[in-house]
Amino acid sequence: MKSVKFNFTSRAGFVFAAAALAASAAFAGGTHGGGHDESPIGEPGVAANVTRTIEVDAADSMRFTPSNVSVKKGETIRFVIKNSGKVPHEFSLGTEKELKEHYEVMKKFPTMEHEEANKISLKPGKQGEVIWRFTKPGVVNFACLHVGHYEAGMKGQVKVAAK
């Protein structure tokens, strides 16, 4: 009987790559024109179109300052986030549902770091920015999703006025 060797590593790599490709295609599909719904929280902003800069402090008191921000529909905001604490923090924009779902993932992978258009992870004493364009009126939430921080109240809201 002839034996067949199975290369688990290459097979697992292939499955991971296929899953990642499918996920990225699904994510991209909802954010471009052609009849798809745009995100309820807006879209990544372009630095050249920034209308205002808002400085946000992320502190070990498990609070953002300010925790409530007002913008107008269509504004592109540069959030400059400074971690003034001694533990890592992050700033993540999303719907309440998206933030809660991602928080559950963070509980499983607590050392996960972010540098995505709508979120950034910051080590103690570091500063970074998120540039975001608010395309719909309503409320956009933000939070630190490090384990324990969200539950301790490290969250806030961006109120987007119709104009």
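1. As what does Glu96 count by its relative accessibility: buried, partly exposed or exposed? Glu96 counts as partly exposed, because its relative accessibility is 44% and that class runs between the buried cut-off of under 20% and the exposed cut-off of over 50%. Please keep in mind that the model is predicted.

2. The partner of Glu96 is Lys100: their side chains meet in a salt bridge, at 3.1 Å from N to O. The two residues sit 4 apart in helix H2 (residues 96–108), so about one helical turn separates them. Lys100 is partly exposed as well, with a relative accessible area of 41%.

3. Helix H2 also holds Glu101 and Lys97, again 4 residues apart and about one turn of the helix from each other. Their side chains form a salt bridge at 3.6 Å, N to O. Here the two partners fall into separate classes: Glu101 is partly exposed at 46% relative accessible area, whereas Lys97 is exposed at 62%.

4. A network is worth a look too: Glu104, Lys107 and Glu151 are joined into one by salt bridges that share partners.

5. Arg78 belongs to strand S5 (residues 76–83) and Glu129 to strand S9 (residues 127–133), 51 residues apart. Glu129 is partly exposed, with 39% relative accessible area.

Technical notes
Residues are numbered from 1 along each chain as its sequence is written. This is a predicted model: local features need pLDDT of at least 70, side-chain atom pairs count only at pLDDT 80 or more; totals for chains, interfaces and linings use all residues. Side-chain values use heavy atoms; hydrogens and water are left out. Buried means under 20% relative accessible area, exposed over 50%, partly exposed in between (1.4 Å probe, protein chains only). A salt bridge is a side-chain nitrogen of Lys or Arg within 4 Å of a carboxyl oxygen of Asp or Glu.
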